[in-house]
Amino acid sequence: MSEVKEIHMSSGTTGVATVGAYNDHDLKIWGECFARGIEYADGGPEDVCQVCYGYGLFTGGLGAHYGCISAGCTTIPISAGNTERQIRVLREMGSTIICCTPSYAMHIADTALEMGLDPARDFHLRAGIHGAEPFSDNFRAELERKLHYKVLDIYGLTETMGPGVAVECMEQNGLHLAEDHFIAEIIDPNTGEVLPDGEWGELVITTVDREASPVVRYRTRDITRIIPGECACGRTHRRIDRLHGRTDDMLIIRGVNVFPSQIEDVMKTFSQVSSWYQIEVGTDHRSLDIVTLKAEVNPGFDIDDMAGIEKLQRRMQAAMKAALSVGVKVKLVEPKSIPRSEGKAKRVIDTREGIK
Ligand SMILES: [Zn+2]
């Protein structure tokens, strides 16, 4: 422990926090790997990088921070939140690169447009390095159109290293793995068999030189494939495709991991509702995720008591927010109104584009 310099943890939504430890060497490698994203965007000391990933136990903020420092950029460690201030700093500092989740970038873009700004004129953005949640090609195109910059995807996870395990180049055709530090394999999640390049499966990672918390053949649960052939950019590190989701049922809502079982756990604390429910995940007009929980009240509860229903919905919403850190809209419905299935219950309906 005396050599460990930093510890990060995942949000621990499965009940147990996942811990990643870094010594001096690991922090240096992390910075270098993230810096590749900045170099892929032709960035360097001339760039002003605004890091609006959250700083803290989450690896996004500090990972991006070390990357920007390693690439020699001017770094603005503004962290997440306070969107109007983000916009003011984007304008006044002339930030050229922005690092945050794609959904937060969209929120910044929409807020700037609502404020009457013209990002092409008022901002100096060239590139955005956006990771920590899957996003579709359409979402990327919309971001690029609104903010007049180029969006690069970045991949990492607490268990192997934060963002920087793989980064997209300007070809936007897959993420180059940092193969000098990570060995990647794709396996069939059911049999464990290693699949050939080109086939979709679960990404398995072995760290080559991680010192404080190395992993061997770690199953990431992320679904991707190795893209066969070489990239048009000329770099020879192999590429993984953009993520297709996860092997388990985890939902990523505005960058926060949410399991249906967590929602169920909150529901169970309300005696007025039954265990029949459905979670609908979609997007609002700003392309931000919205979650609606439809839950059946128990037969004894008067569904026509509007005031009572509204009060219960509000209480459940507050409990969800406290337990999950994301907002869930609760809609109480009458008993037996949610379709029953003979097989596995269809608990989640996800209509978001590009997410399976
Ligand atoms: Zn490339």
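Strands are DSSP runs of E with at least two residues, numbered from the N terminus. In this predicted model, R221 is found in one such run, strand β12, which spans residues 218–224. Most residues other than glycine have a negative phi. Phi of R221, by contrast, is positive and near 70°. The relative accessibility of R221 is 41%, so R221 counts as partly exposed, a class that lies between the 20% and 50% limits.

A positive phi also occurs at S325, which is not a glycine. The value there is about 65°. S325 lies in a loop, between α8 (306–324) and β19 (329–333). Its relative accessibility is 51%; exposed means over 50%, and S325 therefore counts as exposed.

The zinc site draws on four protein donors: C169 (SG), H176 (NE2), C231 (SG) and C233 (SG). These atoms lie 2.1 to 2.3 Å from the zinc ion. Along the chain the donors follow the spacing C-x6-H-x54-C-x1-C. C169 and C233 are 64 residues apart, and the pair links distant parts of the chain. C169 sits in the loop between β8 (161–168) and β9 (175–177). C233 sits in the loop between β13 (226–227) and β14 (239–240). The 4 donor atoms subtend angles of 102 to 117° around the zinc ion. Tetrahedral geometry requires all angles to lie between 85 and 135 degrees, so the arrangement is tetrahedral. The two cysteines fall into separate accessibility classes. C169 is buried, with a relative accessible area of 1%. C233 is partly exposed, at 29%.

Another cysteine, C73, is found in the loop between α2 (59–70) and β4 (74–76). C73 has a relative accessible area of 8% and is buried. P45 is 28 residues away from C73 along the chain, yet their C-alpha atoms are separated by 4.3 Å. P45 is also one of the residues that C73 touches, when residues up to four places away in sequence are not counted.

S103 is found in helix α4, residues 102–114. The relative accessibility of S103 is 8%, under the 20% limit, so S103 counts as buried. Apart from neighbours within four places in sequence, S103 is in contact with E133, F139, R254 and L288.

F135 lies in the loop between β6 (127–131) and α6 (137–147). F135 is buried as well, with a relative accessible area of 9%. Its contacts, leaving aside neighbours within four places in sequence, are P102, H130, R140, V151, D153 and R242. F135 and S70 are 65 residues apart in sequence. Their C-alpha atoms are 27 Å apart in space.

The largest cavity holds about 60 Å³. Its lining consists of D26, I29, T160, M161, H181, F182, T207, D209 and R210. By class, this lining has 3 nonpolar, 3 polar and 3 charged residues.

Note on methods. Residues are numbered from 1 along each chain as its sequence is written. This is a predicted model: local features need pLDDT of at least 70, side-chain atom pairs count only at pLDDT 80 or more; totals for chains, interfaces and linings use all residues. Side-chain values use heavy atoms; hydrogens and water are left out. Helices (H or I, at least four residues) and strands (E, at least two) are DSSP runs, numbered from the N terminus. Buried means under 20% relative accessible area, exposed over 50%, partly exposed in between (1.4 Å probe, protein chains only). Contact means heavy atoms within 4.5 Å. On a 1 Å grid over the protein atoms alone, a cavity is a set of points where a 1.4 Å probe fits but cannot get out, and a pocket is an open set with protein on both sides within 12 Å along at least five of seven lines; lining residues have an atom within 4 Å of a point. Grid points are joined across faces, edges and corners, and a volume is the space filled by probe spheres set on the points. Ala, Val, Leu, Ile, Met, Phe, Trp, Tyr, Cys and Pro count as nonpolar, Asp, Glu, Lys and Arg as charged, and the others, Gly among them, as polar. Donors are N, O and S atoms within 2.8 Å of the metal (3.2 Å for Na, K and Ca); water is not among the atoms, so sites may look incomplete. Four donors count as tetrahedral if all angles lie between 85 and 135 degrees; four count as square planar and six as octahedral if opposite donors are over 155 degrees apart and all others between 65 and 115; anything else is irregular.
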